[in-house]
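Here's a quick tour of a protein model, starting from one residue and working out to the whole chain. Have a look at the structure first.

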Amino acid sequence: MALVGITGSHGVGKSTLMRDVGGWMAAAGGRPPVMIDWIGGRVAASGLPLAEHCTMDTYCKFLAVHLQALRAAKSADTICDRTPFELMAYAMANGNASAAMVDLLCEVIETALPAYSILFYLPIEFPLEPARYRSPDPGYRAAVDGHLRRALERFGGPVVALSGDRAARLAVATASLAPVLAR
């Protein structure tokens, strides 16, 4: 079983890459992977605010929804278009996470990181397109990205940075993922 995490600030193409990689995995292995997406939408559907308006309850709900989805998919190849790294980045960019919440997020990352076969990081390369749950503020987007990069540097792991257009990102992702799936 491979667990693929895709991480990046909002609006960088995580969901698009997840669908592209998922299609490639299905074609290469004959079986489509479980794709965990729209976690933010599920959190928002529960009435909690997102992005720069997150509360402690938002962080807890995001974590619960994410972990429940991972647990449910544990026996299949899985791709997630969110990781605990984003949660840490948003909490740090928002500046409203308690010390206990930051400690919890560090523990979650330390515990979850070994489960990931590979993590793809997507930097900000394209203009932000408006979307229902995204902050339209490019400064906030950059702040989240900065905190995300610092978290990735701090915790390490099997991180591959992807850049370029959609085809270039997919080419590097599939070349990086092929040996992981062969194990």
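## Around Asp145

Leaving out residues up to four places away in sequence, Asp145 touches Ser9, Tyr121, Leu122, Pro123 and Ile124 (contact means heavy atoms within 4.5 Å). Asp145 sits in helix 6, residues 138-155. It's also buried, with a relative accessible area of 6%; buried means under 20%, using a 1.4 Å probe and protein chains only.

Keep in mind that this is a predicted model, where local features need pLDDT of at least 70 and side-chain atom pairs count only at pLDDT 80 or more, while totals for chains, interfaces and linings use all residues. Residues are numbered from 1 along each chain as its sequence is written, and side-chain values use heavy atoms, with hydrogens and water left out.

## The fold

The protein chain has 7 helices and 5 strands, taken as DSSP runs (H or I, at least four residues, for helices; E, at least two, for strands) and numbered from the N terminus. Reading from that end, the order is β-α-β-α-α-β-α-α-β-α-β-α.

Among contacts with a separation of 6 or more, 78% link residues 24 or more positions apart.

## Size and packing

The C-alpha trace spans about 45 × 35 × 30 Å along its principal axes. Of the 183 residues, 48% count as buried.

Methods:
Buried means under 20% relative accessible area, exposed over 50%, partly exposed in between (1.4 Å probe, protein chains only).
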